[in-house]
Every structure is written in C-alpha cells, then in structure tokens.
Amino acid sequence: MKKLVLALIIIGALNWGLIGFFNFNLVTAIFGDSLLFISKIIFAVVGLSGLYAISFFFDKSKNSV
C-alpha cells in the first residue's frame with residue numbers, strides 16, 4: 001500500500017513540476033476537458049495519498065516503505 005501511495009505522490013509531483021516549469025497539465029492533456037470528472041478523481045486520489053503519507057513520519061517500524 002505504501003509503495004502505491006508513494007507512486008501516486010510521485011505522479012502528482014511530476015505533474016506539478018510540469019505545470020510549474022512548462023504550464024502543461026499532464027492529467028488534463030491525457031483526459032481532456034470531456035473527462036473533467038475523471039481528472040478531478042485523479043487529483044483527489046493523489047491528494048488523499050499525500051494526506052496518508054503524512055502518517056509515514058510517525059511510523060515506528062524499520063520497514064516503513
């Protein structure tokens with residue numbers, strides 16, 4: 001589960017990097033305006049992954065990722 005969350009966070013970070021450097025939104029480019037609802041779901045899942053990743057800071061196990 002943690003690797004999936006980290007993968008989603010990396011995808012979100014890369015998308016924000018593309019937006020910041022090139023003003024290019026990869027998610028919107030893939031799904032377009034016609035599937036705006038799916039784009040919003042993807043953004044929401046990436047955001048929830050970020051919230052879940054906060055718990056990684058408090059994980060006491062050595063094998064956290």
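Colleague: Is G12 buried or exposed?

Modeller: This model is predicted: a local feature needs pLDDT of at least 70, a side-chain atom pair counts only at pLDDT 80 or more, and totals for chains, interfaces and linings use all residues. Numbering runs from 1 along each chain as its sequence is written, and side-chain values rest on heavy atoms, without hydrogens and water. Buried means under 20% relative accessible area, exposed over 50%, and partly exposed in between (1.4 Å probe, protein chains only). The relative accessible area of G12 is 11%, so G12 is buried.

Colleague: In which helix does G12 lie?

Modeller: Helices are DSSP runs (H or I, at least four residues), as are strands (E, at least two), numbered from the N terminus. The protein has three helices and zero strands. G12 lies within residues 2–22, which form helix α1.

Colleague: With which residues is S39 in contact, leaving aside its neighbours within four places in sequence?

Modeller: S39 has its place in helix α3 (residues 36–53), and this residue is buried, with a relative accessible area of 2%. Contact means heavy atoms within 4.5 Å. Once neighbours within four places in sequence are set aside, the contacts of S39 are V27, T28, F31 and G32.

Colleague: What is the radius of gyration of the protein?

Modeller: Along the sequence, the pattern is α-α-α. The radius of gyration is taken over C-alpha atoms, and the globule rule is 2.2 Å times the number of residues to the power 0.38. For 65 residues that rule gives 11 Å; the protein is well over this value, so it is more spread out than a compact globule, with a radius of gyration of 14 Å.
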